[in-house]
Amino acid sequence: MTPEVANHWYPVAMVSGIQAPRKTLLLGQDITLGGTSGALWVKDAQGASLPVVERFGHLWTSPGQPTRDLFTIPEADSAGRQLVDVGSVRVKCSPLRAVENFLDIAHFPFVHTDILGAEPHTEVDRYDVQIRQDVDEVWATKVKFFQPQAAKSAEGGITTEYMYRVPAPTCAVLYKTCPPRPGEWDVITLFVQPLTEEWCEVWPWMALYDDESTMAEMVSFQQLIFMQDRSILENQVPRKLPLDPGMEAPTQADMTSVAYRRWLKKIGYSYGAQLVAA
Amino acid sequence: MILYDYVLSASCYKIRLMASLLGTPLTLKAVNFHPAREHKSPEMLALNPAGTLPVLVDDDLILTDSGEMLRHLTKAHPEWRGEDAQWFDFAQTLNATLGTARLHDILNYPADIDTARRDGVMCLRSLEERLTEQRFNGSGFITGNRPTIADIAVFPNTALAPDGGVSLDPYPSIRLWLRAIRSLLGFIEMPGIHRMHELIAAPDYSS
């Protein structure tokens, strides 16, 4: 494992879900985790302690020496939000494919029909994408899309505005128009634990303004959306995410994906990636 | 009628689907099965001591067996009734095999995954044989030439087999039958079981 891969923070558990110590995989290697909130620990296969951070309701660790702190989401700290532990879903796909799918808008009418999109409203308008040098993150802004039911709290169709952020190679944060609170952003994240290069555990987490829905309804909504993606993700080829342009022909709607792949290549992130043009 | 429901449960979907096909309104109460294990909460155990989902409440009647729920929903719809007991048993075996493989693969539930998949494949082979015989006899469904609660009981865990790592590619009769059910008026989807986009009228792009 190269330092470019090892020296990142990775989610490995939901803090509220940790009972007895348990084993899992991180980047193809066995790790063991346990403890209680405030005193959580992770050990590698040789029994050596790995660094830990507890944030966003999840336990994070790194098999290497992270060069910077785990990212923050200041918006998620504001009062009155519901912090939603969605739990995890395992998917047989590259962790990078899982992130890329989360960044894609164009599939909404076809995979999340009548929820996040609907025909004939399939066009993705031009939006802004940049690799922000100061923070070394990928950002897409001014993304607008028509949605029949944008969130559990949404009644009827609305044009939703989005911002996408990739603060770490296997994590993505989505900021979206908040139906009950115009002017605020709902925060929806996808934290991906790479089990192997073609198998991952996905931990969605949300910080929403929603006084109407029960916690179970918010969890169900997000699990419904992610499970609609799962069968698609498990059938994508090539299995690993190609970082070089090849047979795939990106369109304007794929600008975020293009920037994400370019950024992965720039930072030398090769785990779950295909480096030969496909 | 109130259905205590979990969005990813094949058994809960069975009831949502049946109600939708009949046009019977259901009030859904989301239960946080994963990750919060709310089906084992004191409130849910008071309703159903077995701690399973779904639970269907119709006034004073509380049903916890999905086969009984299908019978209850269709009691005024004789066209949906037929030989069902052996198929409810079969649906339970599917749930214990393909359903277990699915929970293992998606939610990391402990299971003997090789056994679950192998026994699931045996179920699919026997269903394929049944449906092929039915086709030879001119019937497209499990018990006759129209769908009954036997089909609805067996449909979800069959259609969701790929979620547990079991392919449906080798079973042409099953695939045709799945397509027939997905084509029914009032059909609703669940994650892993997609709607038939090709049956929806072409969208109007003129405006």
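Leu83(A) is partly exposed, because 14 other C-beta atoms lie within 10 Å (with C-beta atoms placed from the backbone, a residue is buried if 20 or more other C-beta atoms lie within 10 Å of its own, exposed if 12 or fewer, and partly exposed in between). The model is predicted: local features need pLDDT of at least 70 and side-chain atom pairs count only at pLDDT 80 or more, whereas totals for chains, interfaces and linings use all residues. Residues are numbered from 1 along each chain as its sequence is written, and chains are lettered from A and ligands numbered from 1 in the order in which they are written.

Leu83(A) belongs to strand β8 (residues 82-85) of chain A; helices (H or I, at least four residues) and strands (E, at least two) are DSSP runs, numbered from the N terminus. Not counting residues up to four places away in sequence, Leu83(A) touches Gly57(A) and Ala207(A), where contact requires C-beta atoms, placed from the backbone, within 7 Å. The C-alpha atoms of Leu83(A) and Leu208(A) are 6.6 Å apart, although 125 residues separate the two in sequence.

Chain A as a whole contains five helices and 17 strands. Its radius of gyration is 18 Å, close to the 19 Å given by the globule rule for 278 residues, so chain A is as compact as a globular protein of that length. The radius is taken over C-alpha atoms, and the rule is 2.2 Å times the number of residues to the power 0.38. Along the principal axes, the C-alpha atoms of chain A fill a box of roughly 55 × 45 × 35 Å. Of the 278 residues in chain A, 42% are buried. Among contacts in chain A with a separation of 6 or more, 62% involve residues 24 or more positions apart.

Chain B comprises seven helices and four strands, arranged along the sequence as β-α-β-α-β-β-α-α-α-α-α. For 207 residues a compact globule would have a radius of gyration near 17 Å, and the 17 Å of chain B agrees. The C-alpha trace of chain B spans about 50 × 45 × 45 Å along its principal axes, and buried residues account for 42% of the 207 residues.

Within chain B, strands β1 (2-5) and β2 (residues 27-30) run parallel and are joined by four bridges; strands pair if DSSP finds at least two bridges between them. Thr27(B) in β2(B) is the bridge partner of Ile2(B).

Helix α1(B) is mostly covered, with 10 of its 13 residues buried, including Cys12(B), Tyr13(B), Ile15(B) and Leu17(B). The buried residues of α1(B) pack against β1, β3 (55-58), α3 (66-73), α4 and α6 (149-159) of chain B. Gly23(B), with a positive phi near 75°, follows α1(B).

The contact between the chains takes 20 residues from chain A and 19 residues from chain B. On the side of chain B that touches chain A, helix α4 (residues 85-107) gives the most, with three residues. The residues of that side comprise 11 nonpolar, four polar and four charged, where Ala, Val, Leu, Ile, Met, Phe, Trp, Tyr, Cys and Pro count as nonpolar, Asp, Glu, Lys and Arg as charged, and the others, Gly among them, as polar.

Key:
Contact = placed C-beta atoms within 7 Å.
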